Amino acid sequence: MVCVVALVSLCLISIAVGARPIGLGEIWQGIVQPGGSEIDAIIRDYRIPRTLLGLLVGVGLGLAGALMQALTRNPLADPGLLGITSGASFGIVFAIAVAGVTAVHGYIWFAFAGALLASTVVSLLGGLGNAGATPVKLAIAGIAMTFLLGSFTSAMVLSDAQTLNRYRFWSAGSLAGQPLEIITQLLPFLVAGTLLALASGPALNSLALGEDVAVSLGHRPRLVRLRGMLAITLLTGAAVALAGPIVFVGLVVPHIARILVGPDQRWLLPTAMLIAPILLLAADVLGRVVARPAEIQIGIIVVFLGVPFFIYLVRRHRLTEL
Amino acid sequence: MPVVEVRRVAGRTAFRLGRHSVSGQLHPRTWLVCLVLAVASFLVFSAGIAIGDYPLGFVDVVRALAGGGDSYALFVVQELRVPRSVVALLVGVALGMSGAILQTITRNPLASPDMIGITHGAGFAVVSGIVLGFGSGLGTQVLGLAGGFAAALLVYLLAWRRGTTGYRIVLIGIGVSWTCIAAIDYLMTRAYEYEAQQAMGWLVGNLNGRDYDQALPLLIALLVLVPATLLLTRWMRVLQLGDETASGLGTPVQLTRFALLLTAVGLAAFATAAAGPVLFVALAAPQIARLLCRTSAPPPVAAALTGALLVLASDLVARQLLADAELPVGIVTGAFGAAFLMWLLARINRQRFG
């Protein structure tokens, strides 16, 4: 409940705060009966897409991170662990260097395709052997894929200065600059991923008790894993394609949620889904305010905002191991 | 009564020295893997000395090593290639062993000095030295070493609450590591272009132009830390069973974990100070060694040899791949190690093992 209130007020603050501050009344007017004024244009074209993006990316990364840690049972797992972030990076570098795509909006589909491809290979390697999937194998396959694609990406970027410049723009990670159309195009993937993720809560709970217990409770571990990996791919793939590799959120938010509500996935998943956008939007607003009228990259602020709180929680509470 | 008694017990080979004093388990496959890895490392090490823009025959190399032959070959071998290969070998050994220790005490296959703050602590110290001019007189090596140790100390202190647990060290490590990454990113955006380039050159991990100034401190560190690790292996295995079991078996858990952590940090910090952050070796080498040896925990010696082979081979490839420039070794290690690890996983999937 507290989380929902915090999230809604942060959304409003995010629309209001910026190089040109906007009052609450003006926001209301801009949304309900938009006129042609300059303020309405700022709200409609910049602030709302940006806030919406923060909301969606946060939901995606928070959920995907919680799922990833549940599936691999590893506290070091982040949503990019299936090779999704590095797949997206590779897709973008490929689009720039080989396919010659120049429009920023053209990159997004390459990033999404790269993410899908990478996570499919990792799922095959780590999830579908004769001996069945183990959390360890999934984690190792994922990290190997991440570094393999990362090496290719750096090699391509280092050998071509022009690619480096464009790639750097994306890899810094930002909520700014995506128009509403692009966001709505990727929205179905995010919604599908969210539904899949929220539906796997009970099954993940029994899987945490061990494979045998899960089977005896009527779940099929392989199916649960497959569903989870599909959800992670959809959520992270879309989030990373839209906002660049802001992976840290998905790594640390599930831990915060676990400390706050305990290990029950039915509570943990929605909580992570609410906390992540709060952290992301707060960081985005702060980034706009601290160095006004310039901005500090959101990836940096998220870390400086999230880590002290995280360390405080880790020290304060008794930890439930995964 | 034989002095050494070797028996098969429950499908495993056990040995006993003397009457009852020393006994343990033999794992022949690990020994075999270590032997093969050592031979392969030696071959790649030699190849690294012979192959290059100025190719040398086997006879030339041996003669130059002994201090003979023509002066140019002598210079290339003794001043350029041998120091570089030695640094590659030592860095690989240090990172492989450090990763094996960390993965065992945290019981986490993703734990490595890169993940829990040591590498990026060193990176932050060096980058702030370059960009802010803070302590730049000390040079990158001292700064990197200090940064690595400082980050590790911070992690340990923050994770201490009536003792530490492997889990808490991992979580705090993530926090510290990411803080350092964000701080590096911030400094890089604030830096002048030539400073950013200089910092970037260090951050990718490079063996280019490394000589005895880098090799000597690392060698001394290894001479102390590797025997220390081997002595601690006994307790490391017990610690892997979990804190409760370990203390029930009479292991001083906190002390052992501190000692193991200290050796792992030392190995990683000295290696990073010498060559910059060569990522992935410390993570991949222990897992490759574990899959090769088919043990449950990463075997430290085999991991060290795997690390050495990985860095040596990657350096050789990095030097040869592009005609006009050299790739940083870190990039090739990523591609090489990852491809090999994935191949091992695929093979295991077929063989119903693991």
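Two residues are taken to be in contact if their C-beta atoms, placed from the backbone, lie within 7 Å. The structure is a predicted model, in which local features need pLDDT of at least 70 and side-chain atom pairs count only at pLDDT 80 or more, while totals for chains, interfaces and linings use all residues. Residues are numbered from 1 along each chain as its sequence is written, and chains are lettered from A and ligands numbered from 1 in the order in which they are written.

Helix α4(B) (residues 118-132) packs against helix α5(B) (residues 139-159) at an angle of about 135°, their axes lying 7 Å apart. Helices (H or I, at least four residues) and strands (E, at least two) are DSSP runs, numbered from the N terminus. Residues of α4(B) that meet α5(B) include B:G121, B:A125 and B:G129; among their partners in α5(B) are B:G144, B:G147 and B:A151.

Turning to the strands, β1(B) (residues 4-9) pairs with β2(B) (residues 12-17) in the antiparallel sense over 6 bridges, pairing being assigned if DSSP finds at least two bridges between two strands. Here B:R7 stands opposite B:A14. Of the 6 residues of β1(B), 0 are buried, so this strand lies largely in the open. A residue is buried if 20 or more other C-beta atoms lie within 10 Å of its own, exposed if 12 or fewer, and partly exposed in between.

Chain B has 13 helices and 3 strands.

Key. Axes fitted to C-alpha atoms, helices over the stretch in contact; angles between N-to-C directions.
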